[in-house]
Structure formats: C-alpha cells, structure tokens
Amino acid sequence: MRTIYLVYVLLFLGKFVCDGTHSSGYGDDQHPLSRIAIHKTRLALHVSASIEAFPTLLGLKDEDSQWVTVDVEHPEPSSDDWVGVFSPANFNSSSCPPLDPDNWKIGKPYMCTAPIKYKYANRSNSDYANTGKASLKFRLINQRADFAFALFSGGVSNPKLVAVSNPIAFVNPKAPLYPRLALGKAWDEITVTWTSGYNIDEAVPFVEWGLKGESKVRSPAGTLTFDRSSMCGEPARTVGWREPGFFHTSFLKDLWPNSQYTYRLGHRLQNGMYIWSKKRFSFKAPPYPGQDSLQRVVIFGDMGKAERDGSNEYSIEPGSLNTTDQLIKDLKNYDIVFHIGDMAYADGYLAEWDQFTEQVEPIASAVPYMVASGNHERDWPDSGSFFIPLDSGGECGVVAETMYYVPADNRAKFWYSADYGMFRFCIADTEHDWRAGSEQYKWIEKCLASADRRKQPWLIFAAHRVLGYSSNSWYGQEGTYAEPEGKDDLQKLWQKYRVDIAFFGHVHNYERICPIYQSQCVNTERSKYTGIQNGTIHVVVGGGGRSLSDYSTLIPAWSIYRDRDFGFVKLTAFNHSSLLFEYKKSRDGEVYDSFTIYREYKDVLACVHDSCEPTTLAN
C-alpha cells in the first residue's frame with residue numbers, strides 16, 4: 001500500500017521549484033493559515049511513510065458533511081509533524097496561476113495552495129514522536145472538489161512534504177448547499193441565496209417553494225461568481241485562492257405576512273434530470289411594516305468560524321461555535337438576525353467562506369440572516385475602502401458582496417435599509433466614508449428621515465466599526481473612545497431623528513452606553529426608559545466569537561455595563577409602545593444585561609435638544 005501511495009504522489013507532484021515569497025499582513029491576531037509557509041515546501045518523500053484516508057466516498061446518505069479517519073505512519077517522526085487537508089486533491093504546481101508580479105513576489109512556488117485546515121500529528125497520540133503512528137479525525141464538508149491529506153515534517157515554518165494520501169470525494173461535489181435567507185427590497189419578499197458547483201451552462205437553478213402544506217411553485221435564480229483576477233492582493237490571489245463555485249439567488253415574492261413557507265433548492269440539468277437540495281427548508285414570512293405582533297431580533301458582530309473537529313489552528317475565534325450553537329438552540333425564539341460585519345474572518349483564504357456558510361446554515365436557512373460589511377470583508381489599500389489596512393487579505397469586499405444578498409442599491413456600497421414589522425433598520429457601511437457631505441451620509445439621513453415612527457416606532461442604526469462610544473483599550477489610548485471622526489457628524493442625525501439604539505461591532509466585547517448626546521448622558525435611568533426620548537442608547541456587541549478585546553482601565557461615566565465575554569443581543573418588540581432589550585452570553589444563553597423602553601407616539605414627536613421641528617407664532 002505504501003508503494004502505491006508513493007507512486008501516486010510522484011505521478012502528480014511534478015517538478016519541484018521553491019522561490020516564492022508570501023508575506024502575511026497580520027499582526028498578533030494572525031490568521032492561522034498564514035502561519036504556514038507553504039511556498040517554502042520541499043520534497044522529502046519517504047518510501048516507508050504513509051498516510052491513508054477513509055472512507056473514500058463521502059455523502060452516500062446525502063450528507064453534506066462527514067467525518068474522515070486519517071491514519072499516519074512515519075519512521076522518522078517529530079513533534080512538529082502535521083497533516084494538512086488540501087482541496088482539490090491535486091495541489092502541486094500545475095494548479096498555480098500564471099506568473100504575475102501581483103501574485104508572487106519572487107517567482108512561482110512549488111506549492112501555491114494553502115491547506116483548508118490542519119492538525120499536528122501528535123494531536124491524537126501524545127507518544128507519536130516515539131511511535132510514528134497516529135489516527136486523526138477530520139470533519140469535511142462538501143466544497144465542490146475532492147480532497148487529499150498530506151503529511152509534513154519541519155513544522156509550519158519550514159514544511160517538508162513526506163507523504164500524500166489517496167484522494168477522497170463527495171458523491172456529488174456540485175450539489176446545491178448552504179441556503180441563506182435575506183429580506184428583499186419589498187416587505188413581502190424573501191431572497192434565497194445558495195452555493196453550488198453548477199454554472200448556468202450545466203444546469204438551470206431555481207427554488208421550489210410555497211405555503212406549508214399547499215402546492216408549490218418554482219422561481220428562477222440568478223447566478224454570480226468571481227475569479228482570481230477580482231481579488232485585490234494576497235493571500236486571496238495567491239495561496240488563499242480557491243475556486244468559489246457559483247452563487248444563486250432567487251426572489252420569493254408576494255408572501256403572506258407571518259405565514260409559514262417551505263422551500264428546496266433545485267437545478268435542472270441539460271439532460272432534463274433534476275438535482276435537489278438534501279431536504280426541504282422552511283421560514284416565516286416577514287410581518288407587514290407597522291404590523292402589531294411579537295417581533296424578535298438578534299444582533300451581533302465579529303463571529304468568525306471554528307472547526308468542530310478540533311483543528312488546533314482555529315483559536316482566534318474561540319467563541320464562534322458557542323454563539324452559533326446557542327442561536328441554533330434558540331432558533332424558535334427569534335425571527336431575524338443581523339450579523340454586523342466581520343463574518344467569516346477568511347482574510348483571503350477563500351475555503352473558509354464555505355466553512356462559515358455551512359456553520360450558520362441551520363440559522364440562515366430558517367430566518368433572514370442580514371449582514372453588514374466589516375474591515376475583514378472590505379479593507380485593502382487602493383481599493384476604494386475608507387480605511388487602508390490589509391484586513392480583508394485581498395478580498396476587498398468581492399467575496400462578501402457576491403456570496404450574500406442585501407437589499408442595497410449597489411452591493412459594492414454595502415449600506416441599506418430594512419423594514420421588519422415595527423422596526424426600521426438603517427445599516428451603514430463603515431468601510432466607506434460616512435462623514436457629512438459624503439454619499440453615504442446623505443443616504444443615512446434619508447433612511448432615518450423616511451421612517452414612519454407611528455407605524456415603525458423602533459428605529460435602529462447599526463454598523464461595524466464603533467461610530468458612537470466604546471471604552472475599548474485602543475480607543476482609550478487614542479483618546480477618542482470611538483473611530484476618529486466617527487460620531488462628529490452622525491450624532492446630529494441620531495439626535496435629530498431620535499434613533500432608539502445604535503449598534504456596533506469591531507470591538508470584541510459587550511458594552512452598553514447610557515442614552516447619550518455629545519458625550520453626555522441625558523438620562524440617569526439604567527433599566528426602564530419611559531416617556532420622551534432625549535438621546536440614543538449605544539451598544540457594542542462585537543463578542544460574537546473572535547478573540548476578546550480589553551477595556552480601558554478608566555471607566556467613562558457614560559458606560560453602564562461592560563462584559564468581556566462572548567454574547568449577542570436580542571430585541572423583542574411586544575407592540576408599538578414596549579421594547580425589551582436583552583444581552584445574552586453565548587455559553588449559556590442566559591440574560592446578563594437588560595432594559596425596557598416604554599413610550600407613546602407623542603413621546604417620539606416631543607421636542608428635545610437639537611431635534612425640534614421648526615415652529616411659527618403665526619395663527
């Protein structure tokens with residue numbers, strides 16, 4: 001068997017070259033895969049070393065994920081041996097892009113694809129360095145291509161390729177997967193977006209859907225994708241690149257408010273055969289704007305993804321699975337989700353977007369999963385982003401804008417409004433200019449001003465970076481307690497249009513600010529707000545899963561509650577006069593901070609500082 005594997009390896013490895021250079025743009029919070037100097041790989045094939053993966057055929061029962069066993073034997077083991085998962089299985093230099101100064105700084109490397117994840121060989125056997133034997137468990141998801149496992153020595157900084165496994169694959173790698181719902185531009189419209197391996201020249205995508213228990217109709221879907229040239233820099237253009245597949249979006253219209261619908265994803269092949277999603281999914285249609293019914297909203301930011309197989313490189317999002325699992329557990333108790341930026345933290349390693357959409361599928365397939373743009377989706381120098389760090393890993397917004405539908409006029413400008421019953425949401429894009437006079441500032445004012453507060457009394461502003469208030473340590477060191485220039489102009493709009501709550505992520509913790517205007521608390525109440533609204537409550541809810549942020553040692557007077565833990569916020573509108581706010585921890589789903597707002601329509605209309613309508617003394 002070892003001889004067979006060695007022959008297989010030699011057949012596809014080809015000529016060895018190693019002059020490529022890849023630099024990551026990450027600091028202490030370095031992306032795990034960027035630590036692997038895959039471009040430095042050297043051949044060190046050992047005739048007596050082997051790595052075998054089984055089962056070889058996955059998804060025989062229509063699964064889109066499956067556990068795989070990987071057995072390793074190495075006659076010269078060391079504690080820094082590691083096993084990488086590669087997809088496609090043929091990961092040698094033949095899959096490298098054409099030589100391009102924008103792709104590779106010094107020549108073309110021998111291996112130009114990072115693994116999609118990895119484990120150290122001694123993970124399952126602490127005595128591996130002595131025995132040279134290990135049996136590892138990996139959980140694979142369907143990602144439109146086959147897989148192979150590779151054994152390396154030399155650690156991640158100086159990898160030497162020792163052995164390559166047999167390839168394994170899912171029965172149908174092109175299957176339609178990972179549906180994600182979103183609100184459409186009309187109140188009675190839901191969009192369904194999913195991923196598959198079928199382009200439109202192979203199969204026609206559609207959704208079969210209808211009221212639960214009644215006959216179904218079919219709605220066509222549009223198809224989008226992107227290529228390597230759409231990426232702005234490395235690693236997205238280089239070691240992080242992976243064929244993204246195709247993204248299909250269908251618009252389900254004329255929905256009956258609050259009614260239950262079922263749907264399934266379909267593709268009609270050129271030969272007339274049909275490919276269906278593994279099951280039927282369901283959702284509840286949105287309420288009519290202004291409808292007086294129970295409406296529940298979940299809001300958080302900065303979640304990321306993690307691996308259920310314990311792949312030990314994924315420590316930078318330690319709370320991700322806790323948040324995901326708690327939301328899955330509580331799925332029947334909320335109606336819509338807002339993930340306000342920094343979604344997958346793929347940072348240019350595109351395979352991780354599949355892993356993220358698979359992780360949140362139980363949520364996103366059942367309730368609208370609305371997203372906002374964060375620095376890890378958008379920021380890249382000279383790409384039109386307001387900030388210019390390397391946080392997106394070269395994605396420069398393309399991946400998020402293509403994979404996720406939002407009801408924006410232009411998804412490259414990721415700001416939009418969303419009406420949900422008694423709520424009006426104005427979702428801003430902090431990675432584009434928001435200051436007075438900018439295109440986005442004008443849009444924000446239009447979004448806030450157009451809210452009919454008699455029908456939609458609960459006006460919510462949300463964005464990724466903190467444009468309001470936060471006592472996070474680095475903001476404290478800057479002396480701004482927010483993004484520089486963040487609230488200078490926007491606070492006038494929040495006050496003028498009486499925004500109830502402004503939500504922000506980016507800072508990986510939870511903090512609630514008093515009702516505030518111009519850095520001054522305008523209400524001394526902490527848990528029950530009644531009557532006239534005279535300031536906006538600000539909330540940082542960036543503890544979705546990424547490594548937690550520290551606070552400044554100084555606690556500003558406006559900071560009511562701080563919690564350095566993973567969690568999310570739930571808003572419950574009981575009617576037009578009563579709103580419940582709850583902060584829940586991801587680890588147990590219990591409420592750790594809460595308040596209520598009770599007021600009448602006349603209280604919203606009342607004149608307060610810098611929000612009074614013009615008046616005249618004329619009769």
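**Ground rules**
I number residues from 1 along each chain as its sequence is written, and side-chain values use heavy atoms, with hydrogens and water left out. Because the model is predicted, local features need pLDDT of at least 70 and side-chain atom pairs count only at pLDDT 80 or more, while totals for chains, interfaces and linings use all residues.

**Entry 1: the domains**
I looked up how the protein chain is divided. I found domain 1 (33–170) and domain 2 (289–605). These bounds come from an automatic or database domain assignment. The C-alpha centres of domain 1 and domain 2 lie 38 Å apart. Their contact (heavy atoms within 4.5 Å) takes 18 residues from domain 1 and 15 residues from domain 2.

Next I looked up the buried area. That is the accessible area (1.4 Å probe) that two parts lose on being put together, summed over both. Domain 1 and domain 2 bury about 1,500 Å² between them. Of this, 48% is on carbon and sulfur atoms. Leu33, Lys117 and Arg139 supply 29% of the area that domain 1 buries against domain 2, more than any other three residues.

Then I looked for salt bridges (a side-chain nitrogen of Lys or Arg within 4 Å of a carboxyl oxygen of Asp or Glu). There are 4 across the interface of domain 1 and domain 2. I also noted a salt bridge between the side chains of Lys117 and Glu307, at 2.7 Å from N to O.

**Entry 2: two helices**
I turned to helix α7 (residues 439–449) and helix α9 (residues 486–496). Their axes come within 10 Å and cross at roughly 10°. Axes are lines fitted to C-alpha atoms, for helices over the stretch in contact, and angles run from 0 to 180 degrees between N-to-C directions. The crossing makes α7 roughly parallel to α9, a term for angles under 35 degrees. Tyr441, Ile444, Glu445 and Leu448 in α7 meet Asp489, Leu490, Leu493, Trp494 and Lys496 in α9.

Most residues other than glycine have a negative phi, and most peptide bonds are trans. I listed some exceptions. A cis peptide bond joins Phe54 and Pro55, with omega about 0°. The bond from Glu234 to Pro235 is also cis, with omega near 5°. Tyr345 has a positive phi, near 55°.

Definitions and conventions:
Helices (H or I, at least four residues) and strands (E, at least two) are DSSP runs, numbered from the N terminus. Angles under 35 degrees count as roughly parallel, over 145 as roughly antiparallel, 65 to 115 as roughly perpendicular and the rest as oblique.
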